[in-house]
Amino acid sequence: MKEVVLPNATEDQRPGWFVSSNVSSNSLYLSEAPPPLPLNPWDVVLCISGTIISCENAIVVAIIFYTPAFRTPMFLLIGSLATADLLAGLGLIFHFAFVYCIQSQAVNLITVGLLVTSFTASVGSLLAITIDRYLSLYNALTYYSERTVTRTYIMLIITWGVSICFGLLPIMGWNCLKDDSTCSSIKPLTKNHLIILSISFFMVFAMMLQLYVQICKIVCRHAQQIALQRHFLATSHYVTTRKGISTLAVILGTFASCWLPFAIYCLLGDYTYPALYTYMTVLPATYNSMINPVIYAFRNQEIQKVLWTICCGCISSTMPFRSRSHSDV
């Protein structure tokens, strides 16, 4: 009796954009379509996360795009971050729809390329925002100049140029569809591709950590100078400094807690690891795109003012308004 070989269960249960076709070469001659994949609860959670991410960041992008006053370098960078996160959310939705409806390798590669591009651009935009905040404090007198606008556009071009290049790699042929031994824990990305992405993340994280340490020093020094000039009590200086440090700790801590598990797993794991590990590290990474609008956009009081105008048709007289500056961190 001929032995029937069943497909590897671990391969089939990986996240939708990691699944390569399990149809044998003989099935190419059959007229029937391949059987639909069983619905994976993890993919449903990712799709719901993508929907929330898309809605949040679509609001931010629309506000910045339709408000002429939001053309400053700071808002351009926030808009870049929101656009990247919006594309990431749409990519998660597309991945779910395409995997369970179309099941095409070409579409699978395009979806992977979109996700790699968007998440890389999101991390790159966070680095650009950090650089902009540092320079706004370090060169406060010359920050509002044409040089700052030029520097902002250069950072955006570099960020999106590198992100698009990373996203095109699997589409242009650097994938493991023809050789499973080169696969990473995230199919169809190769192990080497994922290692490059992980090392790039650690470099970005190290730069952000260094910049935020410098920002913290500048904030503490400014708070001390203001306290001496205005004869504030030591407790006031302590409270102001602690508030600034706490804000920086939340920003950097959120970024690290969302992305570090996934980056470490990408270096250590491969396609033989259980799919559960991949889902448990991918999901927190997507949550960073859900939290970014809250940290970088909705906390900005100028954006809050526009939201009040849109939602209520007027601005509450009890709502304090003050243009949020970079020194507020």
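Helices here are DSSP runs of H or I with at least four residues, numbered from the N terminus. The model is a predicted one, where local features need pLDDT of at least 70, side-chain atom pairs count only at pLDDT 80 or more, and totals for chains, interfaces and linings use all residues. Residues are numbered from 1 along each chain as its sequence is written, and side-chain values use heavy atoms, leaving out hydrogens and water.

Let's start with helix H8, residues 275–298. Its 24 residues reach 35 Å from the first C-alpha to the last, close to the expected 34 Å (1.5 Å times one less than the number of residues). At Ile291, shortly before Pro293, H8 has a kink of about 35°; this bend is the angle between axes fitted to the seven residues ending there and the seven starting there.

Thr286 also sits in H8. With 2% relative accessibility, Thr286 is buried (under 20% relative accessible area, 1.4 Å probe, protein chains only). A polar atom of its side chain lies 2.5 Å from the backbone oxygen of Leu283.

Finally, a look at the loop between helix H5 (146–171) and helix H6 (191–229), where Pro188 lies. Most peptide bonds are trans. The bond from Lys187 to Pro188 is cis, with omega near 5°.

Methods. Helices (H or I, at least four residues) and strands (E, at least two) are DSSP runs, numbered from the N terminus. Buried means under 20% relative accessible area, exposed over 50%, partly exposed in between (1.4 Å probe, protein chains only). A polar contact is a pair of N or O atoms within 3.5 Å; within protein, one must be able to donate a hydrogen and the other to accept it, and residues adjacent in sequence count only if both atoms are side-chain atoms.
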